[in-house]
Amino acid sequence: MKKIILLSCLLIGFNLVAQKDLNKVKSQVIKDAIQNLDKTFVYEHLIGLDNDYKVAKNSLNSINKDGSWPGINYEDLSHTGFDHKNHVRNILVMAYYYNNKESDLYKNKGLKAAINSGLKYWCTNNYMAANWWYNIVLVPTAFVNIFLIMEEDIDSDILKSAQPIIKRANKNIVWARQSGDRVKICSIEAKNYLLIGDEENFESTLQVIEDQIKLNTGKRGIQNDFSFHHRVHRENNTATYGKEFANVLVEWACYTNNTKYAFSNEKIKLLVDYYLDGVVKQTAFGKYEETGVKNREITRFQDFKGYSSFPVEQMLEFSDYRRSELKEIIDLRKNRIKSPTISFSKFFWQSELFVFQRPKYFSTVRMYSIRNRNIELAHNSEGIFNHHRADGSNHLTVTGEEYFNIWPAYDWQKIPGTTVLQKKKLPNQHQIQKDGLTDFVGATTDGLYGVVGMNFISPHDNIRAKKSWFFFDDEYVCMGAGIASNDFNNSIATTIEQNLLKGNVYISQKGKETVLENGNHILENIDWVYTNNTGYIFPKATTVKLSNRIESGSWFSINKQSSSSKNIENIEVFKLWLDHGKRPQGENLWLYPGKMDTKDVTYQYIVVPNAKKENLEKKKGIEILVNTSKVQAVKHNDLEIVQAVFYQSEKIKIAKNTWLTMDSPGIVILHMQAGKVKKIAISDPTRKIGKLHLDITGLDHLAVTLPSKDKAGSSVIIDIEQNK
């Protein structure tokens, strides 16, 4: 009997603790929903640029007697329509101000009645969009937040009729796919269990959320290089779905901290690692949206210039792991410091994205190969001109505003860094996503410096080029060789930059400096171009094409959502490109081995970000060693660094009486001192070779064992002094 009584007491005690922790989590969720609406996932997708308070007041004053609102098209349930989200937005914002003690709408009886009326109207009509995401994610997310905020102020019959709508989000539904979708759907489900007080199901659902914090290389989720793949197509989604994935996990790690539901230390550390080494490193200066990593969302009107520090502050509430790095991201996002102290070079080999950061600039190179697809599909008619945005695109951020809302006036065949056939028009949106045709795509990095190489073959057009990028502290070098086309009608262009025009454009032509008038220009014998604090140097005087003028277009022309503006935007745009002409390699077709003309068409230019114009002439430290379709190599004499991309076995001279030989394809960085190699970083972009062999004058023959399986494509670093 005593044992039974003791067991009963233990069970009661356990249940009391569980109930206490459940109430603690619920209180935190409600507090967060009331105080931090503007930092939530649902806010980002519903509110946009609108003034929250104005929306709440207008919604209160304009609601119809039946609970609907004028101006909303309740008939269009299509993929590009569904204005109904504005109905949900109105209720959510009204609920926020109803419970905001600092608002003059706090506990307003008329507002309470309007909220109940709006909810009843929705539940009665039970709207279902053609796009599943609205039905399963957005509407249930908004509803569960509304009910948690309002709770006792919502009529009980409305709460009951809303439960089937909220419960569309459940872990067993087909859309609750691994990682990105699952955490959002389970988050809704977990909040609903808090709402109805179901502790058992809350705990089991929370466990599903925590279990998503794992490496899932080759499938949906976090890859072992800390990039993120939302789908099975293997395109990079780190900055979008991957960021939202992390934010949901951070949210729940914060809510459950110091309760029985808290995440394990192992999961917390992996989450912080993923956020800092994945999400943040694909964010310019840890603060701005990075243009190069965007997919279809690039064609949405952007309503902010910097990310919130909120999720990072949440991380500091539940972990001290990598605390100083997290604090720096907060300081950057709150503008407490102007530039990052951390410099890095990173290659996401699972996603074939290279990122490079210095305090003065941030740059990316986006590529794809036979291992990946180029870019996201144009879901819901967004991103309908994204065909070439992974063809070696090379974006540069200095201020964070270089490409801010440029997209209605954008030339989608002139993407920075890409070599593209200039067609009369792009193929339709169903022809965007393609598998790569080449295996030679990769980068080598030692963590601080990096070199990128790509044997580009376009799956869209009959063109090809050997393309490479060489990154240093104050500048980077871009080179191309073997540029060829089988198209008889259209020329090929390599775009150096296309961004917002800010101020004057200066050129140096045969040593003479000039300020260009606005317009279209063909310029011969150009030494350099300078605009918006960035210089573009041509080691050999070059003919370029340049446009600095107003371009026009509408958001609806690039994004067919019903909410997209059809107004014509007039935007000042700067474009700089090289015109290689039609079939620049000669008359023969490159697709027949041995038949291509001997002309090796090349380009080379140096980008100098955040620079003074008068210093461009002083950039003599860069030495282009070779630029052919066999090998491309650069030496930075001041840093004593050699970087080389070998497309095949080749021997090159890197210094007086010093030669570098590779017996296979590969990408290599040599750190030198007084003419001697001190450190080597190397990788195999083809991922076919178990060992790379290289010979350097004065060193013994080196055979480097390469990473395999999930780490194939990553770099090996060899310290020569330590290996003697």
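**Close-up views of the predicted model**

View 1. Trp412 is found in the loop between S8 and strand S9 (419–421); helices (H or I, at least four residues) and strands (E, at least two) are DSSP runs, numbered from the N terminus. This is a predicted model, in which local features need pLDDT of at least 70 and side-chain atom pairs count only at pLDDT 80 or more, while totals for chains, interfaces and linings use all residues. Residues are numbered from 1 along each chain as its sequence is written, and side-chain values use heavy atoms, with hydrogens and water left out. Trp412 counts as buried, at 7% relative accessibility (buried means under 20% relative accessible area, exposed over 50%, partly exposed in between, with a 1.4 Å probe and protein chains only). Not counting residues up to four places away in sequence, Trp412 touches Ile298, Thr299, Phe385, Asn386, His388, Arg389, Trp407, Leu426 and Ile558; contact means heavy atoms within 4.5 Å. One of these partners, Arg389, lies 23 residues from Trp412 along the chain, and their C-alpha atoms are separated by 8.2 Å.

**View 2. Strand S7 between two partners.** Here we look at S7 (residues 361–366), where 6 of the 6 residues are buried, so the strand is largely enclosed by the rest of the structure. Tyr361, Ser363 and Val365 point one way from S7, and Phe362, Thr364 and Arg366 point the other way. S7 pairs with strand S6 (residues 353–358) in the antiparallel sense over 6 bridges (two strands pair if DSSP finds at least two bridges between them). A hairpin through 2 residues joins S6 to S7. S7 also pairs with strand S8 (residues 393–397), again antiparallel, over 5 bridges.

**View 3. The largest nonpolar core, and another one.** The largest nonpolar core has 100 residues, and those with the most contacts inside it are Ile115, Leu119, Phe143, Phe147, Phe202 and Trp252. A nonpolar core is a set of buried Ala, Val, Leu, Ile, Met, Phe, Trp, Tyr and Cys residues joined through side-chain atoms within 4.5 Å. Helix H6 (residues 132–150) gives the most to this core, with 15 residues. Leaving aside its neighbours within four places in sequence, Phe143 is in contact with Val88, Leu119, Trp122, Cys123, Ala162, Ile165 and Ile166. Apart from this core lies another, of 59 residues, among them Tyr361, Ile406, Ala443 and Tyr605.

View 4. Two packed helices are described by the angle between their axes and the distance between the axes. The axes of H8 and helix H10 (residues 241–255) come within 9 Å and cross at roughly 30°; axes are lines fitted to C-alpha atoms, for helices over the stretch in contact, and angles run from 0 to 180 degrees between N-to-C directions. That makes H8 roughly parallel to H10 (angles under 35 degrees count as roughly parallel, over 145 as roughly antiparallel, 65 to 115 as roughly perpendicular and the rest as oblique). Where do the two helices meet? Gly180, Val183, Lys184, Ser187, Ala190, Lys191 and Leu194 in H8 meet Tyr241, Glu244, Phe245, Val248, Leu249, Glu251, Trp252 and Tyr255 in H10. Lys191, placed in H8 (residues 180–196), is buried, with a relative accessible area of 7%. Not counting residues up to four places away in sequence, Lys191 touches Val29, Val144, Asn145, Leu148, Glu251, Trp252 and Tyr255.

**View 5. A six-stranded open sheet.** The 6 strands of this open sheet follow the order S21-S22-S23-S26-S27-S30, with antiparallel pairing. Strand S21 (622–627) and strand S30 (716–719) are the edge strands, each pairing on one side only. From one strand to the next, the twist averages 15°. Within the sheet, 7 bridges join strand S26 (residues 666–673) to strand S27 (residues 676–683), and Ile667 stands opposite Ser683 in S27.

**View 6. A four-stranded open sheet.** This sheet has 4 strands in the order S24-S25-S28-S29, and the pairing is antiparallel. Strand S24 (650–655) and strand S29 (702–705) stand at the edges with a single partner strand each, so one side of each is left without a neighbour in the sheet. The twist averages 25° from one strand to the next. Strand S28 (residues 691–696) and S29 pair over 4 bridges, and Lys691 stands opposite Thr705 in S29.
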